[in-house]
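Dear colleague,

Please find below the structure that I promised to pass on to you. My notes follow it, and I would be grateful if you read the two side by side.

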Amino acid sequence: MKRVGLIGFGAIGRSIARLWGTLPPDSFLLTGVCARSWHPSEAKPALPPSTALCTDADQLLALQPDYVIEAASHKVIEAHGSKILRSGCSMYLLSVGCLAEEELRTSLIAAAKEGGSQILVPAGALAGFDGLLALAGDGLRSVKYTSRKPCEAWRGTAASDAYDLDGLTQATVIFSGSAGEAARRYPKNANLAAAVALAGLGFERTVVELIADPEAHGNSGSVEAISRSSTLNLSVSSRASSNPKTSANVGPSVISALRNGAASLRFV
């Protein structure tokens with residue numbers, strides 16, 4: 001049985017905890033959860049009985065997990081990512097946008113090599129990374145990622161300074177540029193842009209368009225990619241979680257990645 005730790009107990013972390021019982025029996029043990037902003041009386045009922053509640057990453061690592069699921073923030077990766085990977089613990093990374101920073105990305109990869117661990121990127125709220133990786137080996141020429149979310153999902157971001165989000169009456173492109181710039185300017189909204197860049201043409205050659213749409217009832221993402229012999233077009237729509245910036249299918253994607261990794265017959 002593999003031991004798993006979870007950092008972050010927001011909308012995604014709670015979703016993962018709720019779905020934990022759907023994993024194959026005797027496959028994974030949720031050994032500990034870092035939930036610093038939660039009182040134990042509130043967090044404990046939402047966790048499996050054997051799960052320890054931790055206040056920092058060191059406490060979590062002391063439980064000797066084989067994997068850590070990061071569902072917190074870029075700052076958590078900056079502070080603890082290298083230490084986790086260097087300890088030999090592989091990490092499911094959801095704050096993928098942090099990898100747009102070359103220095104951090106290089107240090108995390110070096111730590112993983114040193115510890116014999118891996119940085120694992122779940123599909124999150126998107127799909128088709130297998131197809132994008134295939135096109136990347138076939139002379140990939142162009143990749144565009146488009147994210148469309150309700151106006152409330154962009155509150156508290158750079159878009160709030162440039163647009164009257166409450167006053168928008170039609171879908172509005174609030175950002176158009178490279179995946180690297182999108183990930184840096186919209187760290188809580190553009191993690192999928194970073195994932196698409198990593199699977200395809202990189203941060204500077206991947207085109208990203210972010211849209212605030214007052215008529216949208218959920219979050220959607222689409223990818224258009226062209227290689228020497230193939231074209232990939234895909235789109236995924238999801239309702240938002242309790243956090244409007246996050247799609248409800250992110251937690252299930254992590255559970256699916258764990259299940260697939262433990263299966264005798266798996267998709268790669």
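**Notes on the structure**

Asp26 lies in the loop that runs between helix H1 (11-19) and strand E2 (28-34). Please bear in mind throughout that this is a predicted model. The phi angle of Asp26 is near 60 degrees, a positive value in a residue other than glycine. In general, most residues other than glycine have a negative phi. Asp26 has a relative accessible area of 65% and is therefore exposed, because the term applies to values over 50%.

Gln64 also has a phi near 60 degrees, again positive in a residue that is not glycine. Its place is in the loop between helix H3 (57-62) and strand E4 (67-70). With 62% relative accessibility, Gln64 counts as exposed.

Is Asp138 buried or exposed? At 15% relative accessibility, Asp138 counts as buried, since the limit for that term is under 20%. Asp138 is found in the loop between helix H6 (129-136) and strand E7 (142-149). Leaving aside residues up to four places away in sequence, Asp138 touches Ser227, Arg228, Ser229 and Ser230.

In soluble globular proteins, nonpolar side chains tend to be buried together. Not counting residues up to four places away in sequence, the residues that Ile69 touches include Val4, Leu6, Ile7, Trp20 and Leu258.

Yours sincerely

Methods:
Residues numbered from 1 in each chain as written. Predicted model: local features only at pLDDT ≥ 70, side-chain atom pairs only at ≥ 80, totals over all residues. Heavy atoms only, no water. Helix = DSSP H or I, 4+ residues; strand = E, 2+ residues; numbered from the N terminus. Buried < 20%, exposed > 50% of the residue type's maximum accessible area, 1.4 Å probe, protein only. Contact = heavy atoms within 4.5 Å.
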